[in-house]
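Hi everyone, thanks for coming along. Today I'd like to walk you through one protein model, a few places at a time.

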Amino acid sequence: MKKRFSGLTPPQVLTLGFLAIIFVGALILTLPISHQQGVHISFMDALFTAVSATAITGLTVVNTATTWSLFGQIILLIMIEIGALGFMTFAVLLFAITGQRMDLKARLMAQQALNLRNLADVKSVLQYVFSLSAIIQVIGAVLMMPDFIPRFGWTHGIYLSIASSISAFGNAGFTFFDEPVFFLRNDPYILLVWMLLISAGSLGFLVWRDLLLFHKQRRLSLHTRVALYVSAWLTGLGFLFFLFTEKGLAPLANSTSIGHRVMDTLFLAVVPRTAGLEVVPLSSISAAGLMIIMLLMFVGGTPGSTSGGIKTTTLGILWLQSMAALRGQETVNFGGRRFSQKIVIKAMMLAVISSVFVVGVSLLLTITESIPKGEGLEYIVFEVISAFSTTGFSMGLTPHLTDFGKVVIMIVMFIGRVGLYTVMFSVMNIREKPTSFQYPTEEIIIG
């Protein structure tokens, strides 16, 4: 048995590790101690919730606060934490606690999990990931306590502060309130704290390390510069587009002030970066606004972060490549650096495969699931993109999924968290096969 597992590649170990966490979590969630009194949960619903928590998505078929007991919710928070930081990160923590040295394979798996360029960074980055994530989540919880404790009392207020901080930083989309979080749209303080936590999680640990070490290094890596550049543009353009398409959230004019609606609009531009906290009801969003949300969800956050999607750097590379091609340039340059052709091709492949995957799954669900009267194709496509990008926004499809539909969405959430490349290199066992010859070049007509 040990010999069999020793032959697994790092992507395969990462995939199996996430699957193991999901099934163990699902089994624990089926126990009566995990449920509220008088509530019974099927294994399918427990499995769906475990996948959503580990994939830090937030799509749920049951209400979190009224279904799961305190024990069950703590199990969910543990799975969210593991999903956000990566199970390999916690495996390395066990190495450190027990005093064991990491062998080469363990270091390779950690490198794969954190998207590192070389093995030399593994130990220092892992220590940094643990310390930074713990500090950010503690600060987030402490900042929310002055608001939540007067609302919910000392015990429940402290618990909700901790749970909300974990969920927001992990971009998980889970809420632990007894009611939808619409009531917080008039609370700009909490929305600001959530936005900071979501942004901190979606930027990625490597970007934060670059930023925190800038005073020593006096430079930012190309990865960090592209990530910050694209993130800023997405947030800024998203905010302006929502102000225009939603007319300053005019449907909420009777219940919120202008200042609150501006903050809600900014929050609406941030949360599609795979956070999924629905402070503004999606039912009040226009068709154009829903399209913007789907585009933002599809892009997601930064590689090595708690976010899903095709990632900001992928979009940045594709945009810069397109601009370079329009100018007749053969190379892609940014910030005094040049992207390798291999990276450009990899970004194009990821975008194309992701698009095909989302379209294929959406087509499958249009066959198996029912679309309510008055809803269109976006009812399904929105849910698929939300699952793939691990966002957790829902237009109402998830609670009404058939068992087959639940399995499909679970697979999409899992692939969205583990990553298409990891799945291709593990489950599909794809390998790079170098050739010793090349065919002649010939041009074709396009456009």
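**A short tour of the model**

Let's start at Ile353, which sits in helix α17, residues 341-368. Helices here are DSSP runs of H or I with at least four residues, strands are runs of E with at least two, and both are numbered from the N terminus. Before going further, please keep in mind that this is a predicted model, where local features need pLDDT of at least 70 and side-chain atom pairs count only at pLDDT 80 or more, while totals for chains, interfaces and linings use all residues. Residues are numbered from 1 along each chain as its sequence is written, and side-chain values use heavy atoms, with hydrogens and water left out.

Back to Ile353. Ile353 and Tyr421 are 68 residues apart in sequence, and their C-alpha atoms are 9.9 Å apart in space.

Now the whole protein. How many helices and strands does the protein have? There are 20 helices and two strands. Of the 447 residues, 52% are buried. A contact means heavy atoms within 4.5 Å. Among contacts with a separation of 6 or more, 71% are between residues 24 or more positions apart.

Next, a pair of helices. The axes of α5 (residues 70-85) and α9 (residues 154-169) come within 10 Å and cross at roughly 30°. Axes are lines fitted to C-alpha atoms, for helices over the stretch in contact, and angles run from 0 to 180 degrees between N-to-C directions. So α5 and α9 are roughly parallel to each other; that label covers angles under 35 degrees, with over 145 roughly antiparallel, 65 to 115 roughly perpendicular and the rest oblique. On the α5 side, the contact is made by Leu70, Gln73, Leu77, Ile80 and Glu81, and on the α9 side by Tyr159, Ala163 and Ile166. These residues divide into six nonpolar, one polar and one charged. In this scheme Ala, Val, Leu, Ile, Met, Phe, Trp, Tyr, Cys and Pro count as nonpolar, Asp, Glu, Lys and Arg as charged, and the others, Gly among them, as polar.

How do α13 and α16 cross? Their axes come within 8 Å, at roughly 90°, so α13 and α16 are roughly perpendicular to each other. Here His223, Val226, Ala227, Val230, Ser231 and Leu234 of α13 meet Thr312, Thr313, Leu315 and Gly316 of α16. The contact divides into five nonpolar, five polar and no charged residues.

Staying with α13, residues 222-245, we find Thr245. Thr245 is buried, at 17% relative accessible area. Leaving out residues up to four places away in sequence, Thr245 touches Ser286, Ala288, Gly289 and Ile292.

Our last stop is Ser307, in the loop between α15 (287-299) and α16 (312-326). Ser307 is buried, with a relative accessible area of 2%. Which side chains make polar contacts with that of Ser307? One is Asn171, at 3.0 Å, and another is Thr274, at 3.2 Å. A polar contact is a pair of N or O atoms within 3.5 Å; within protein, one must be able to donate a hydrogen and the other to accept it, and residues adjacent in sequence count only if both atoms are side-chain atoms.

Terms used
Buried < 20%, exposed > 50% of the residue type's maximum accessible area, 1.4 Å probe, protein only.
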